[in-house]
Amino acid sequence: MAPPHNKNKKRFVDRRETKSADIKRALTHRARLRKNYFKLLKHEGLEEPSREKPEVSDGESSDEEEPEDSESHETHEPKSKKPKPTSFAERAAIAKQRRAEKRHERLQKIQEKLTMVERQEKIRELKRKELSQKTKRGQPVMGPRINNLLEKIKKNNQ
């Protein structure tokens with residue numbers, strides 16, 4: 001059996017096929033991105049931007065010809081004005097802003113939780129100090145203990 005002599009030689013590459021494969025890959029990637037973008041818009045409750053180009057109607061040119069009827073021109077609004085599709089940079093900026101807002105809210109909740117924990121810790125420390133008071137002879141002071149029991153009873157009744 002003879003060893004393969006062209007093992008290290010480069011294989012013939014058809015440039016047309018590789019170029020068409022690259023184009024196909026780019027198109028599918030773009031389609032997937034668009035699909036995910038529209039899915040995200042739908043999930044957030046926003047309208048999808050129109051996928052078709054807006055056409056110029058004849059009604060707009062007639063408004064320009066009548067300058068004396070300025071009051072009706074100001075009150076006349078198009079029935080359905082669709083928003084322009086935003087550029088990638090604008091969408092990225094909006095997403096970045098939303099992430100920053102979420103991060104800020106999360107940090108704020110954590111900060112509130114920490115302050116609550118600190119406050120509860122101070123209250124516990126004061127109660128512990130109050131309940132551990134002793135008389136000259138080493139007996140527990142009963143006043144704070146009775147007050148503590150009364151507070152517990154009042155909480156249970158409410």
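I took a salt bridge to be a side-chain nitrogen of Lys or Arg within 4 Å of a carboxyl oxygen of Asp or Glu. By this rule I count 5 salt bridges.

I am working on a predicted model, where local features need pLDDT of at least 70 and side-chain atom pairs count only at pLDDT 80 or more, while totals for chains, interfaces and linings use all residues. Residues are numbered from 1 along each chain as its sequence is written, and side-chain values use heavy atoms, with hydrogens and water left out.

**Entry: helix α1**

I looked up α1 at residues 15-44. Helices here are DSSP runs of H or I, at least four residues, numbered from the N terminus. Just after α1, Gly-45 takes a positive phi of about 85°.

**Entry: the ring pair**

Rings of Phe, Tyr and Trp (its six-membered ring) pair if their centres lie within 6.5 Å; planes under 30 degrees apart are stacked, over 60 edge-to-face, the rest tilted. I find 1 aromatic pair. Tyr-37 and Phe-38 form it, 5.5 Å centre to centre with 55° between the planes, so the pair is tilted.

Next I checked accessibility: buried is under 20% relative accessible area, exposed over 50%, partly exposed in between (1.4 Å probe, protein chains only). Phe-38 is buried at 9%. Tyr-37 is partly exposed at 23%.

Which residue lies over the face of Tyr-37? I find Arg-91 there, 4.8 Å from the ring centre. The rule asks for NZ of Lys or CZ of Arg within 6 Å of the ring centre and within 35 degrees of the ring normal.

**Entry: salt bridges**

I started with Glu-44 and Arg-98, whose side chains meet at 2.7 Å, N to O. This pair links distant parts of the chain: Glu-44 is in helix α1 and Arg-98 in helix α4 (residues 88-131), 54 residues apart. Glu-44 is partly exposed at 35%. Arg-98 is partly exposed, also with 35%.

I then moved along α4. Arg-124 and Glu-121 form a salt bridge at 3.1 Å, N to O. They are 3 residues apart in helix α4, so about one helical turn separates them. Arg-124 is partly exposed at 45%, and Glu-121 at 40%.

Glu-125 bridges to Arg-128, with the closest N and O atoms 2.8 Å apart. Both lie in helix α4, 3 residues apart, about one turn. I noted Glu-125 as partly exposed at 41% and Arg-128 as partly exposed at 46%.

Methods. Helix = DSSP H or I, 4+ residues; strand = E, 2+ residues; numbered from the N terminus. Expected span 1.5 Å × (residues − 1).
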